[in-house]
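Thanks, everyone, for making time this morning.

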Amino acid sequence: MDTSTLSGPAPPKSNSLFQVFLRLRPPQAGANPAAERFLAVETPDKDHSAPTHITLNPPNDRRRAIEKFAFTQVFEEDASQLDIFHCTGVVPLVEGVLAPHGGDGTDALLATLGVTGSGKSHTILGSKSQRGLTQLALDVIYRSISQNLHDCDTHSDLERSLASSDPSEAAICSATAFLDSVFAEPSEQQRARAGSRAPTPMIGESMFGHSTNRRLLARPSALPSQPDVSGLSVSCDPAAEYAVMISMYEVYNDRIFDLLTPPIKSAATKEYRRRPLLFKPTEASPDRKVVAGLRKVVCGSLTQALMVLEAGLHERRVAGTGSNSVSSRSHGFFCVEVKKRAKAGRRHHLDTAWGGSTLTVVDLAGSERARDAKTAGATLAEAGKINESLMYLGQCLQMQSGAANSSKPGVVPFRQCKLTELLFSNSFPSSSSNTNYNSSTMAHSHQQRRSPQKAVMIVTADPHGDFNATSQILRYSALAREITVPRIPSITQTILHPAPQVYSSPLASPDADTTVSSQPFFSPAPPNRNFSPSSATDRETMENAALALARLAEENEYLRSALASEQTARCEAEAHLLSIEDRMLDLEQAVREDCAAEFERRLELEMARWRNTVSLEQEREEEKWGRKLEVFAATMAAEAGGMSDEEGEDKENMLVEDVNEENERLRREVEILRRELAGMSPTRRMPLRERGSEVGGKARQNKGGEKAEGLTRKMQGLRVSDEEGGGASLRQTSPTKKIRKLGGKRWDVGVEDDDLF
Ligand SMILES: Nc1ncnc2c1ncn2[C@@H]1O[C@H](COP(=O)(O)OP(=O)(O)OP(=O)(O)O)[C@@H](O)[C@H]1O
C-alpha cells in the first residue's frame, strides 16, 4: 500500500478499478451532542485543493492505533447533493455511457458503501425533498439525448427491436403499460400532500396487485425537483438514435430478485414469493454474464424513468433497526441501459441491432453490529449475509487498491458472492459477441472487446457514529492507509534519555504492505534522576531488558489485533451459518412444495385414467349382456316355432348385422389400444412386450381366443349362410341342428389382439 501519498493529495489511480470518495454526514437529529467526534479531516496542503485525507482517533482507548486514510476526495458535513454530483464525476460517467463520439460507450457503476444510517441511500437516491445522484444522472441523460430519443408511444416497433437485440432474455415492456399496472391515480388528499418518494412498504407488503386483491400504489403527483441541473447536459452522438431501458433488482441473502416483476403465489404455502434470477452467460452473451430474465421498462421521458424508480424502490426490502428506522436489507441495483444505433437513414439494414452501455447505480446495504442494531431472527440472519457480502467486497477493494499501488498484477477474488460478481465482473476488458454499433464507420462488429467499466464508490461515514464499524469500512475502502501505533516508552529512553524521542520501526504486522510509523503516545514518565547504572554491564543489561520489553509490547499489540480480527471472523462465520440454515430451510420448503404439487398432479392423472377404464369396462359388460339376451330371446322364439320363415330370416340377418357391429366395435377398441401403446415410452412398452412373449401365444390366444370363442359361441345359434346359400337349411332343420359355420367371414379379433403386444 502506498503510504508515501499520505502526506499529499491522493493522486488519481489510473489502474484502480474504483475511484473512492468519502462523504461525512451531519449529526443525526436527536443524536447525543456530547458524542465524541473520532474522525478529523486533514487540511489540504494547497489552498484551493480539496481535502483527501482523514485521521481516525479511537475514542476512549488511548492504546489503539491512530489511522490515517487517503481517498480521491473527502466531502465534509456541509457538502450538498449538488457538490457530490459535480465532484464525484457523475457527468463524465454519463458521457462515457452516451458515447458522443460513436461506438457503444463505456459502462459506468456508481455505488455507495458505509455503515448503516451513514447516508448511503440519502446520497444516491435522495430524500422527500432532495434528489439523489440517481435522479440527477437520469435528468442529465434525458436532457442530453432528448432530440434523438425513441419512445414506445411514438415508435410502435421499438419493444420488438429492443427485445431482438437484448442478450439477457429480458421481458421488455413500455413504461405506459408498466406504470398503469402499478400506479393508481392519486386521490385529492394525496394530491394535497404532493411531492414525496413512495412510502416505505411494510415488510411483506407488495405494490404489485395480486390477482384477487389488487392494490395499486397512489401515483405520486410530484417528485422532488431540487437540486436543479436544468443548465447541464452532455453531448450525445448526433448520428445515433437512442432508447432507454430501466431495470431494477436487489441482492438479498446472496440471491437476485427482480424489483419490477410481481411475486408469484406458491401453490403449497399460498404465499407470494419472487423467483430468484441467475447471473449467467446466455446464448446471446456467451462470454459475459448478465442477470437473465429481468423485466426491462422502456422509458421515453425522465418522468417515466423516475416513476419506475419509485415503483422499484417501493418493492425493496427495508426494515426498521436500532440503527436506522428505514434500513435497506438488500443491496439495490438500478440499471439505466442507454441503447443506441445508427439513425434510420444511415443504417445498412432497416433493423440493425441496438448496442449501447449501462449506468448501474448501487445502494449497498449498510454493515451493522447486531448489538447496536438490536436485530434478531430473520433480520439478524439478513445482517449476517449483508456483513458477509460486504466482507468479500472489502477483500476485493483491498486487492484492487493493492494491485493499483504495486507493480505485480493482483487477482481480485470477485467470484466469492453475488454482490462482488455483479460489481466487478465488468471491471475487466472482455470480448462481447453482442452486435456493436459504430456510428463513424457504420460497421457492426460481432467480436468487439468491451472496455472495462468506470466505477465510482462513495463511502459514507458518520464521524460521531460507531467507531469500530466505521474504521472497518474505511480500512478496506481507502486508497491508502497509515497506522500510527501508540507505544509504551522504552525503559531505556526513560532511564537514559529523559527527553521524548520519536521511535520509528516497521511493524511485524499481518498487513505486510502497511508501513507503520510509531511514536510515543503517552508523556514519558518522569525520569528517575537518582538512578544511575553502576557499570557498563548493568547498563547493557538494562538496555537488553528494555529492548525485550519493547519487543513484547509489539507482540502484544499484534496479538491483540489478531484476536480482534479472529473475533470478527467468528462473528461473521456465525452469521453466515445462520443465513445458510435459513437458506436450507427455504430450499427444503421449496423442494417439499414441488414434490407435493407433482404428487397431486400424478394422483389426479391416475384417478382420471382409472375412472375411464372402469366406465369403459361397465359399458362393455352391459353391451355384452344385452346382446346375449337378444341372441337368447331369438333362439327361444325360433324354438317355439311360432316364427315364420321370413321372420326367422329377418331376425337372423339382424343378428348377423349385430355381430358385425360387435366386430367393428372390437376393431375400434383394438385400434385405440394400439395407439395408446404407440404413445407409451419404449421402457413402458418393453415389459408389456416381454410379458406378451413370455406368456406367449398362450396368454394372447387365451385373451384373443376367449374373445373369439365368445363371439363364436354367440354365433352358434346363427347360421351364416354365405356358403350354404340362403336360409333353406334353417327352414329344413331344427334350430338345434342349425349349421354352425361362419365360412367366408373374417373373424379377426384374435389377430388384431395379437398386434397389441
Ligand atoms: N448528508 C445528509 N444530510 C442530511 N440528512 C442525511 C444525510 N445523510 C443521511 N441523512 C439522513 O439520515 C437518515 C439515514 O440515512 P440513510 O437511510 O441514507 O442511511 P443508509 O446508510 O442508507 O442506511 P442503511 O444502510 O441502513 O439503509 C435518513 O433520514 C437521511 O435522510
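A crossing is called left-handed if the near helix is turned anticlockwise from the far one by less than a right angle, and right-handed if clockwise. What we have here is a predicted model, in which local features need pLDDT of at least 70 and side-chain atom pairs count only at pLDDT 80 or more, while totals for chains, interfaces and linings use all residues. Residues are numbered from 1 along each chain as its sequence is written.

By that convention, the crossing of α4 and α8 is right-handed, where helices (H or I, at least four residues) and strands (E, at least two) are DSSP runs, numbered from the N terminus. Helix α4 covers residues 133-145 and helix α8 residues 302-315, and they pack at about 155 degrees with axes 10 Å apart, the axes being lines fitted to C-alpha atoms over the stretch in contact, with angles from 0 to 180 degrees between N-to-C directions. So α4 is roughly antiparallel to α8, a label for angles over 145 degrees.

Counting a contact when C-beta atoms, placed from the backbone, lie within 7 Å, the residues of α4 that meet α8 include Leu138 and Tyr142, and their partners in α8 include Leu306 and Leu309.

Turning to the strands, Met248 sits in β10, which spans residues 240-252. Met248 is buried because 25 other C-beta atoms lie within 10 Å, the cut-off for buried being 20 or more. Among the residues that Met248 touches, beyond four places away in sequence, are Leu259 and Phe333, and the C-alpha atoms of Met248 and Leu259 are 5.4 Å apart.

Notes
A residue is buried if 20 or more other C-beta atoms lie within 10 Å of its own, exposed if 12 or fewer, and partly exposed in between; C-beta atoms are placed from the backbone. Two residues are in contact if their C-beta atoms, placed from the backbone, lie within 7 Å. Angles under 35 degrees count as roughly parallel, over 145 as roughly antiparallel, 65 to 115 as roughly perpendicular and the rest as oblique.
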